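Please look at the sequence and the structure before reading on.

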Amino acid sequence: MPKTSTPELLCNYLRDLIADPLQVNLDMTALPSAWQPFGERLLVLTHYLQEEKILCTALAAGKIRNLQLPHSDNPLAAPLKNIHDTILALINLLEQVADGDYNRRLHSKNELSEAFNAMVERLISLVMIDGLTGLLTEQGFDEKAKKILAHTDKQYYLIAINVNDFKRYNALYGLKKSNALLKDIATQVQSICRENELCARIHADNFIALVYASNLQEVLDKVIANSKQLQVGLTFRTNLFRHGIYCIVDKNRTLREMRDCANLAMERINNIAETNIAIYDNRLHQQRQWENHILANFNEALISKEFILNYQPKFNLHTNKIDSAEALIRWFRPGGEIKPPEAFIRLFETNGLITSLDFYVVEMVCIELRSRLDQGLPIVPIAVNFSRIHLYDPFFVQKLKTILSKHQINPCLIEVELTETAIFESMDAMATALQQLHTEGFIVAMDDFGSGFSSLNILKNLQLDTLKIDRLFFNSFEKDPRVGELLTDIFSIAKHLNLKTVAEGVETKAQFDFLTTTACDYIQGYYCSRPLPTPDFFALLSAQA
Ligand code: C2E
Ligand code: CA
Ligand code: CA
């Protein structure tokens with residue numbers, strides 16, 4: 001059998017790489033030494049394409065849900081296409097070399113290696129350099145950071161930087177302005193990096209910097225100065241950026257693990273927090289361990305019915321009767337501790353468990369309603385909260401219907417509550433889901449209206465059934481007369497749009513009395529009733545019949 005030449009071997013390798021990055025393996029020992037540097041760089045490229053493939057597969061299978069789904073304007077897609085085109089050009093060149101054809105057309109001896117190098121350089125820069133900002137990519141950062149950390153005794157820190165609500169910024173200001181903001185951030189972050197320090201854009205609005213310092217205060221000063229500088233020229237928001245700092249105490253960790261720590265610290269900062277800097281510490285470490293523990297015990301908790309429902313009545317302002325209620329989850333931990341939803345919903349949203357929990361809630365509600373219907377007892381429609389993650393599941397409505405059918409519950413008895421933010425961030429998915437929900441006969445409510453970026457346009461276009469006005473309005477109702485005026489207008493606009501309205505978080509008689517003067521339909525709040533344990537709520541319902 002004739003021996004395969006090196007260009008042929010590489011051609012085959014590159015073809016396989018494009019076909020399925022996960023299946024290829026470059027045998028470096030088969031490459032002559034002159035080709036080894038080229039091989040090493042191809043391995044970096046291979047690694048990158050393998051990660052992309054894993055990510056895209058996971059996205060397509062719905063295993064990762066809190067990332068953008070792949071579509072044509074996905075920022076991941078553009079560099080990938082460039083890489084594929086460049087690999088094809090490289091294959092073409094290698095084929096010509098293998099045929100001896102290219103050699104014949106060479107004018108100088110160096111031309112071939114120059115052509116190779118140029119293409120490989122282009123490939124490497126596509127992988128290592130972020131096309132938008134010119135900063136390093138995740139791969140480029142990890143490669144370089146590994147080298148820096150291997151040859152230093154200095155104390156290094158990782159700083160994760162993220163734009164708060166970047167998606168909203170994007171939606172409000174458009175792609176061009178958002179890209180310009182990302183470039184400005186890149187320039188600023190780059191400017192704080194000295195020799196042997198690095199920064200990169202990991203993806204979207206996530207940046208990372210590797211810096212050294214003699215102590216944490218020095219890093220904090222740097223971050224604060226950076227944060228101030230980032231705000232320059234931005235007048236619309238005071239707390240636009242957040243930073244997470246990880247002090248690299250263990251160099252044996254992978255860079256991904258280190259970045260995870262910086263990100264974890266950063267993610268703990270919520271948008272309304274006073275500070276926009278968080279440091280990874282032991283407490284966070286313990287919290288993560290606790291989270292891992294509850295994640296590991298989630299299924300068991302479901303089976304042993306640790307998740308219990310409370311029902312909060314909604315009163316009809318015209319009849320003063322309970323017309324419906326909202327199911328609210330509580331977690332009764334073994335040992336007696338009761339965890340409120342804030343303690344676990346967000347965590348469950350980051351790993352997809354929330355979908356199981358929400359369906360569990362629907363099933364509990366259906367079981368309760370079926371039992372009462374069978375006994376001839378009075379019932380009312382029940383609102384159930386659904387996480388935004390369902391909107392990305394094309395089978396969401398079908399799954400919901402299956403649960404209801406199992407218990408023979410009419411969809412008009414279940415009100416699907418989705419938050420304003422979820423709807424705002426997933427408009428296309430929401431429009432599809434809404435149509436399906438309505439076709440099946442479900443009632444759909446926008447929850448927490450007014451807590452985020454409310455848009456009357458969304459209300460006009462989406463044809464929801466109910467608008468739940470966020471309880472935040474009532475925080476300043478007594479102090480600021482404009483709140484009442486604003487609420488009056490919201491209720492009357494909603495009426496014009498044929499939307500039922502629920503005022504949430506009504507706590508005082510003054511708020512209640514005011515609402516009776518408006519076009520508001522229902523109230524839900526401590527003034528009328530706190531969320532009640534299941535038997536108490538249904539006893540109340542029976543009593544009013
Ligand atoms: P939400 O959907 O806005 O639910 C209303 C929250 O406001 C409830 O808190 C309720 O107890 C509280 N609330 C009601 N009236 C008043 C009042 O007059 N004053 C004050 N200060 N608060 C009042 P809860 O039960 O702690 O639920 C918090 C959030 O957790 C819910 O907010 C909802 O977003 C989420 N949640 C609860 N159950 C579920 C669930 O089964 N699935 C999902 N995905 N989310 C859930
Ligand atoms: Ca709700
Ligand atoms: Ca709400």
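This is a predicted model: local features need pLDDT of at least 70, side-chain atom pairs count only at pLDDT 80 or more; totals for chains, interfaces and linings use all residues.

**Calcium sites**

Glu326 (OE), Asn385 (OD1), Glu417 (OE) and Asp447 (OD) coordinate the calcium ion (ligand 2), at 2.1 to 2.2 Å. The spacing of these donor residues along the sequence is E-x58-N-x31-E-x29-D. Asparagine 385 belongs to strand 9 (residues 382–385) and aspartate 447 to strand 11 (residues 443–449), so this pair ties together parts that are 62 residues apart in sequence. Asparagine 385 is partly exposed, with a relative accessible area of 26%. Aspartate 447 has 6% relative accessibility and counts as buried, because buried means under 20%.

Aspartate 447 in strand 11 and glutamate 504 in strand 13 (residues 500–504) link distant parts of the chain, 57 residues apart. Both of these residues are buried. Which residue bridges the calcium ion (ligand 3) and the calcium ion (ligand 2)? Aspartate 447 does so, and the ions lie 4.0 Å apart.

**Nonpolar cores**

The largest nonpolar core has 80 residues, and among those touching the most other members are Phe307, Phe348 and Phe537. Helix 13 (residues 353–374) gives the most to this core, with 10 residues. Residues touched by phenylalanine 307 include Ile329, Trp331, Phe344 and Leu357. A second, separate core consists of 31 residues, including Leu10 and Met28.

**Aromatic pairs**

The model contains 18 aromatic pairs. Two of them are set out below.

| Pair | Arrangement | Centre to centre | Angle between planes |
|---|---|---|---|
| Tyrosine 156 and tyrosine 212 | edge-to-face | 5.5 Å | 70° |
| Tyrosine 311 and phenylalanine 537 | stacked | 5.3 Å | 15° |

Tyrosine 156 lies in strand 1 (residues 156–163) and tyrosine 212 in strand 3 (residues 206–212), 56 residues apart. Tyrosine 156 is buried at 2% relative accessible area, and tyrosine 212 also counts as buried, at 17% relative accessibility. The charged end of arginine 194 sits over the ring of tyrosine 212, 4.1 Å from the ring centre.

Tyrosine 311 is in strand 6 (residues 307–316) and phenylalanine 537 is in helix 20 (residues 534–544), so their pairing ties together parts that are 226 residues apart in sequence. Both tyrosine 311 and phenylalanine 537 are buried.

Phe298, Phe307, Trp331, Phe344 and Phe348 are linked into a cluster by ring pairs. Arginine 333 lies over the face of tryptophan 331, at 4.7 Å from the ring centre.

How values were computed:
Residues are numbered from 1 along each chain as its sequence is written. Chains are lettered from A and ligands numbered from 1 in the order in which they are written. Side-chain values use heavy atoms; hydrogens and water are left out. Donors are N, O and S atoms within 2.8 Å of the metal (3.2 Å for Na, K and Ca); water is not among the atoms, so sites may look incomplete. Helices (H or I, at least four residues) and strands (E, at least two) are DSSP runs, numbered from the N terminus. Buried means under 20% relative accessible area, exposed over 50%, partly exposed in between (1.4 Å probe, protein chains only). A nonpolar core is a set of buried Ala, Val, Leu, Ile, Met, Phe, Trp, Tyr and Cys residues joined through side-chain atoms within 4.5 Å. Contact means heavy atoms within 4.5 Å. Rings of Phe, Tyr and Trp (its six-membered ring) pair if their centres lie within 6.5 Å; planes under 30 degrees apart count as stacked, over 60 as edge-to-face and the rest as tilted. A charge sits over a ring if NZ of Lys or CZ of Arg is within 6 Å of the ring centre and within 35 degrees of the ring normal. Lists of a residue's contacts leave out its neighbours within four places in sequence.
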